[in-house]
Structure formats: structure tokens, C-alpha cells
Amino acid sequence: MKVTIYEHVAELPPLTAGSFFHSTELMGLCEQTPRHKPYMVVVSDDGGTAMAHMLAIERYRSSWFPPYLYTHVRVLGEGVYHDGPDNELFGMMVDALSRRLHNRALYIEFSHLSQKMFGYGALRSAGFFPVRWMNIHNSLHSRTPEERIQAKQLARIRNAQQRGAVTKVVETEAEFQAFLKLLRHHNWLKPRRYVPHETFFRKTMESGKCKILITLYHDKMIGCSVTVYSNGDAYLWYSASRRKSFATLHPNAVTFWETIKDAHKNGCQHIRFLDVGLPFRKNPYRDFILSFGGKEVSSYRWFRISIRWVNAVASWLWRE
């Protein structure tokens, strides 16, 4: 077996189709997006056939306030495999990626692995430490969204819609720019929330893999969501709302509800929320998402910090 890391789509060998988050399509989009650099890790057999591949995306981050300048790498899921998920192949890709990016990025993060314990040994051996996290998904195949949502939440949403809150797909350049402004403002003081350059959203939307919904109230944008489609599921990747300025209209609830209904209408099996957060006993955001009838699943997010002593301290703090 041979492991190769590619930085350009044009160099890639034929790969097995699978998750959008590890696709040549997403790699190409990242190549065209400022402050993004993709790395496709490919394991090939002796005959040159790709047996597994995994896409890692390096992001360059900077800000005047709060002041910071660093890069980080994120991997969503364990990759795509020719013959099904394989811990040995995953370990080979993790080891190659870790050595390639050693000291290049402040930290590397793995999230949304299909099983909580998948790759545990490989990630530990490569110096990663696990942080308990919470994932939430809503099933859309057995019952309708209306049968799952809490009655109180649905009443709030219908009241807001009766008062004039309307959710629709982004159609004009003015709507697109207003969406970007709301998304950036919402995440301005949240250092971990990375908002890509507008090129990323444009290209992903043009590819047909992404849909941007916006909620308007008297022509004012009060909510938005970005949903990506992969393998029959919808993934709510980014969201924002003016929940304090328009508290009585519950813009985040209206936007989430229409996003869930849209995924159901388009035949998705599940809608998955990509950033629910740490599993604190009291988590208002988690409880809000669960009010739509979702299911929570305990998981790990894996981190490796390039500064060795910081990584050692973090590993001790997050020890199990």
C-alpha cells in the first residue's frame, strides 16, 4: 500500500464516489476559495487503484479584533473507502497527514466520524486527544417534520409566519450580500466559527450541492442557513439570525424549520446539524435544536495542537 497526498484536483487518480465532504468537487471548490488549501490523502494498492481517500482542508484565519493569525486543518468524517470503512487504512491516512502538516497549522481537527470509537487507536497514536461532543440529527424518512416538532415550538413559528416572516432561497445579488453580512456579523466574536470567503458559497451553490435559505421580515433579513447535500442526507453547515433584534419573531426557529421541511421535501433521509457543541448538562442551543424532534448522539472530536507542550496540557485536561 502507498499513501500519497495531493494538493491539486488535476493530479488526482480516479476515486470512489462517496461523501461530498471528501469529494474531488469540494477539493476543487476549495482550490478556488481564498484562504483555503485542500489536501487529498489517497491510499493506493500495488496496482495503483485507490482503496481509500480523505480530504483535509487547511484554513487561514486572521482578525484585527479579536486579534489572531493562524491556520487550522479540519477533516469532516473518516473519508471514503473502496470496500467499506477500514481502521488500518484510516490510520495510514492520519499518520501521513499528521507528518505532512507537522507545525504547518496551529491545530488539526477530526469530527463527525461515523462511529464514536472509529479510528480511536490510530488517532491516539498520532498524538490526537478526544473531546466529548454532541451530534444531533433529525430523521426525515419515517415521520414528517410536523409529527416530530414540539407543539410549543411549532406554535411560535406559525405565529411569526402569520406576522409576515417569510423564508425563501437566495435569488439576487443583493440577497446574497445581505446573507454574507448577517453570517459574518453573527459569528464575529466567535473565534471557532469560521466563515469562508464568499467565493466558497457562490461556487458550492452553483454546483447544486448547497442551498442558502434566508428569512425576511418586511424586506429585512433576520435569518439564514446554509445546507449541503451528501449521500441522501442534508447537513446544516452554517446558520445565523437576528434573534435579539427580532426576538418575538423567533427568526432562528423559523429558518431552521423551513430548512428541515425543505430537506424533507427533497427526499433527504436525515438532516444533520454540524455544530451542536460540547455536551454540557445545560446547553440552550442543543435544547433548541432538539425541540424540532431530533436525536442526540454522543461522539468525539479529535484535536492535535502543533505546540507540543500545549497539546500535552490539553490532552491531560481532556483526559477520560
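Student: How many cavities of 30 Å³ or more does a search of the whole structure find?

Tutor: The model is predicted, so local features need pLDDT of at least 70 and side-chain atom pairs count only at pLDDT 80 or more, while totals for chains, interfaces and linings use all residues. Residues are numbered from 1 along each chain as its sequence is written, and side-chain values use heavy atoms, with hydrogens and water left out.

The search of the whole structure finds three cavities of 30 Å³ or more. On a 1 Å grid over the protein atoms alone, a cavity is a set of points where a 1.4 Å probe fits but cannot get out; a pocket is an open set with protein on both sides within 12 Å along at least five of seven lines; lining residues have an atom within 4 Å of a point. Grid points are joined across faces, edges and corners, and a volume is the space filled by probe spheres set on the points.

The largest cavity has a volume of about 70 Å³. Its lining consists of Phe21, Leu26, Leu55, Ile57, Arg59, Arg74, Val75, Leu76 and Trp237. Two or more of the lining residues come from each of strand E3 (50–63) and strand E4 (68–76); helices (H or I, at least four residues) and strands (E, at least two) are DSSP runs, numbered from the N terminus. By class, this lining has seven nonpolar, no polar and two charged residues. Here Ala, Val, Leu, Ile, Met, Phe, Trp, Tyr, Cys and Pro count as nonpolar, Asp, Glu, Lys and Arg as charged, and the others, Gly among them, as polar.

Open space can be set beside this. The second largest pocket holds about 600 Å³ of space. It is lined by 27 residues, of which His112, Leu113, Ser114, Tyr235 and Arg272 are the closest to its centre. Strand E7 (129–139), strand E11 (233–241), strand E12 (270–273) and strand E13 (295–305) are the elements that give two or more residues to that lining. The lining of this pocket divides into nine nonpolar, 14 polar and four charged residues.

One further residue is worth a look. Serine 19 lies in the loop between strand E1 (2–6) and helix H1 (24–31). With a relative accessible area of 15%, Serine 19 is buried (under 20% relative accessible area, with exposed over 50% and partly exposed in between; 1.4 Å probe, protein chains only). Leaving aside residues up to four places away in sequence, Serine 19 touches Val80, Ser230 and Asn231, where contact means heavy atoms within 4.5 Å.
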